[in-house]
Amino acid sequence: MLKKGLKPRRLFFTPKKNLATCSPALDPPPSSAPTTEHHNKLCFTLTDRLIRRGVLSLGQQVVRRMIKQSPSVSDAILAVEFAAARGLELDSCGYGVLMRKLVGSGEHRFAEAVYRDFVIARGIIPDSETLNCMVICYCNLGKLEEAMAHFDRLFEVDSFPCKPACNAMLRELCARERVLEAFDYFVRINDVGILMGLWCFNRLIDGLCDKGHLDEAFYMFDTMRERTGLPATIHLYKTLFYGLCRQERVEEAELLVGEMESEGHFIDKMMYTSLIHGYCRGKKMRTAMRVFLRMLKMGCDPDTYTYNTLIHGFVKLGLFDKGWILHNQMSELGLQPNVVTYHIMIRRYCEEGKVDCALTLLNNMSSFNLTPSVHSYTVLITALYKENRLVEVEELYKKMLDSGVVPDHVLFFTLMQKQPKGHELHLALKILQAIAKNGCNLDLCLLSTSATHSPTQDVEQEIECLLGEIVRRNFALADVAFGIFISALCAAGKTDAALLFMDKMVSLGCRPLLSTYNSLIKCLFQERLVEDAKSLIDLMQENGIVPDLATYLIMVHEHCNHGDLASAFGLLDQMNERGLKPSVAIYDSIIGCLSRRKRILEAENVFKMMLEAGVDPDAIIYVTMISGYSKNRRAIEARQLFDKMIEHGFQPSSHSYTAVISGLVKENMIDKGCSYLSDMLKDGFVPNTVLYTSLINQFLRKGELEFAFRLVDLMDRNQIECDMITCIALVSGVSRNITPVRRRWYHVKSGSARVREILLHLLHQSFVIPRENYLSFPRGSPHKIKYFALNLMQKIKGSSFMPNLYLYNGIISGFCRANMIQDAYNHFELMQTEGVCPNQVTFTILINGHTRFGEIDHAIGLFNKMNADGLAPDGITYNALIKGLCKAGRLLDALSVSHTMHKRGLFPNKSSYEKLLKCLCAGHLGVHAFKIFEEMLSHDYVPCWYNCNWLLCILCEEHRWHEAHIVLDVMLKQRKYPDELTKRLLVEACNKKIFMIEENIWV
């Protein structure tokens, strides 16, 4: 029909289109009616005439009508080729009609090619019809970003999308779970008056509720009822109801239930139980019982789950009597309490410390033909471990296995926490053997590896054999079995092997548990492989497993351990964005880290933020916060929080007592500390190693060595064993006081002495405490103290706690302070021979030792060796070197070290700044000294009076009046005044009217 080889036709078919499907249509379709064929001929003839007459616009209109009315895509293409062969190009409206025909016929790829090669490539501005068609086209091709761009363009050209384009866009966004973006588009669509179908409201409300965006879901709900005038379905009501319950917005959920009932909907058992569960979680048991009674009144019979929910709520508050009333009521109604019912009671008894009651309840379950679950055994074993009833743990574990109960990964974690380091794989083997026996009916004697088991046998190989049998016999247990082994490998530090078995379990078709991912994530974080951990989290999410509170706790805890608080706070924000409420343990990690870094005000703010977020504090976080207050010299706040903890129903523990007593002693409020110690004894707590160590450490820090060693002697008399922390405190404390310069002897007043005797009496719980010093601690003689300290270090060296990095650091510090630097180096070499690697603290101690005796070159050599060994110096190391360089008069080197600190994000401390400022003033370098002065102010450090006055004098001598005015203002704000010489210079400058000072400024 068309001349062969015409350029327009060849260009038109450039898009990737299977021409075989269209070639038959180049001839008139045999099935077409004669009238259609005749009509087409007339249209072609008319178009030809219009083109010859030059009326191209009318010709384009005829072609558009032909495309629009063509019965098939082939006929539409025929019309376009006819026009192209005669040099008549389609305009934007013509392409719009063509795109509509192609998209409507499902030719989406062909439509995309035509749009790309003939509309975009030729610079034709698409009209609204074309844009609408391309939105639908791109959505069907899965090219959502392109579809969104064209949808937005419709609004930009002051046009509106058609309803099919809106449907396509919203469907595709919902399919990709991008419900918030879908909601934004819906709002724009609704604002221009387009009414979407009910499917849209249902789909979006479901998606928004599922993602926790309830406010947006309710907007959709209200819009639907307003625009359509139709009543909401029971499905939509339930979707919104359960969404509210998941977010603990129980009051709103109950209001929605009232609305449902007013519209004639029936509230089922599950909805009533969800309301009860929500109120129980919020400790609103009266309201929960009100809902329960309404449930009964409405003729809705509760089930076992409903009763279990109420029982859990009551026993969680310690109201066991009410829990038992509900238990008996269940039996009266013919509802048999199940394993979950008893587990709730057992767990709460264990949490209350009533382990014997829990054991009795477990034993009574058999009379009701109930076998306790592994979860009940796990909480009981945990409670027995807490009370150090190890024999009963073994008996209970044996009873569990004899009952045919299959152990799980939670029990494995519980047992592993109490196992010595290095026994993780043996424990995993023990648990997996129990799983194989009770869960797979496997006779372990038939396994060749088990038959030849010996102490030297490769445990990993035996476990691998067991895993193979578990996969073959009971595939449902494979996930747990592999998870236990991988977690054991992680705990043993075998990360590569753990990752290898993770790949193996996935290749076998197993699905890793969340706890398995968590073990690997923790292991990677501990090895500082943060990026690998993040990649694993991404992989976990791709596999449909969402990080839970345990995952976030691991990440936050490890970030805090490494001092990366910014990342920890970033994870808090991420949880809030996901609608996940951080647990109290997560807040505890952050508060503990802030307290250790002396950022107690921020820790206090995080604690308040936790309370405002509705997270209930537990006993552990109270102890963390009390300890933080005490360590940061906020003893009064520690006391107040301790008392508040008791008001909120938490019984004080030995840890909380130790924290508050230590803080009071630190602030010389020993009488108040004695009061709390007395209360501690009344509560049945016996002073332990932790309390003694804390008190010894405080008195050593005060320089009261004699009293500190009276406590050590009392500790020995009371047969309380020293632990490693005690030894570290002793060595460090004595080392700090080994030289006369550093010793701070307290001449204790009679009143203070009496309070100290009271403290000893309470600790000894005796009325007579001999006053003599049993350790014959030397008094007043530096040489004797030095000899005593060296003997103590020799005694510590022979203890079972050596070799230990912290003890070695204390010993090396002692030798450095005793001016026995060679002995310090001997121990520096010895620790490495014994496999203990020195850390930044070790090098800093030696650097301090050299700088103290003016050996700055040796200190610099150590600093360079430290860097060469891959140990990055910290702020304390830099400050030690700066002070040493200043002391040696090497000011330029000190400034260079300060500059290096800045590049690494560190800054000198106040003492180092003072040394630098003093050296610069001594060299009459006023400009540089003033820069250091300004830098100190930027870090909230105010230089001492001596340096301020010296700098002010130099600036006056150099006639730097602007800088001098700044220094003087700082001094006056601190109520510090220049000396007579500097004052005279300032007065002379005032008389010459080159410096202005207010009258009576010195008064």
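What percentage of the 1003 residues in the protein chain is made up by buried residues? Buried residues, meaning those under 20% relative accessible area with a 1.4 Å probe and protein chains only, make up 48% of the chain.

This is a predicted model, in which local features need pLDDT of at least 70 and side-chain atom pairs count only at pLDDT 80 or more, while totals for chains, interfaces and linings use all residues. Residues are numbered from 1 along each chain as its sequence is written, and side-chain values use heavy atoms, with hydrogens and water left out.

**Figure 1. Overview of the protein chain.** The secondary structure comprises 54 helices and 0 strands; helices (H or I, at least four residues) and strands (E, at least two) are DSSP runs numbered from the N terminus. Of the contacts (heavy atoms within 4.5 Å) between residues at least 6 apart in sequence, 64% join residues at least 24 apart.

**Figure 2. Helix 17 and its surroundings.** Helix 17, residues 304-316, spans 18 Å from its first C-alpha to its last, close to the 18 Å expected at 1.5 Å a residue; the expected span is 1.5 Å times one less than the number of residues. Of its 13 residues, 10 are buried: T304, T306, Y307, N308, T309, L310, I311, G313, F314 and V315. The cover over these buried residues includes helix 15 (269-281), helix 16 (285-297), helix 18 (320-332) and helix 19 (339-351).

**Figure 3. The two ends of helix 17.** At the start of the helix, a side-chain oxygen of D303 comes within 3.2 Å of the backbone nitrogen of Y305. G318, which follows helix 17, has a positive phi near 80 degrees.

**Figure 4. Packing of helix 13 against helix 14.** The axes of helix 13 (residues 234-246) and helix 14 (residues 250-262) come within 8 Å and cross at roughly 165 degrees; axes are lines fitted to C-alpha atoms over the stretch in contact, and angles run from 0 to 180 degrees between N-to-C directions. Helix 13 is therefore roughly antiparallel to helix 14, a term for angles over 145 degrees. Helix 13 contributes I234, Y237, L240, F241, L244 and C245 to the contact, and helix 14 contributes E252, A253, L256, V257, E259 and M260.

**Figure 5. Packing of helix 35 against helix 37.** Helix 35 (residues 619-631) and helix 37 (residues 654-666) pack at about 15 degrees with their axes 8 Å apart. Helix 35 is therefore roughly parallel to helix 37, a term for angles under 35 degrees. The contact is formed by V623, I626, S627, S630 and K631 of helix 35 with H655, S656, A659, V660, G663 and K666 of helix 37.

Terms used: Buried < 20%, exposed > 50% of the residue type's maximum accessible area, 1.4 Å probe, protein only. Polar contact = N/O pair within 3.5 Å; in protein donor to acceptor, adjacent residues only side chain to side chain. Parallel < 35°, antiparallel > 145°, perpendicular 65-115°, else oblique.
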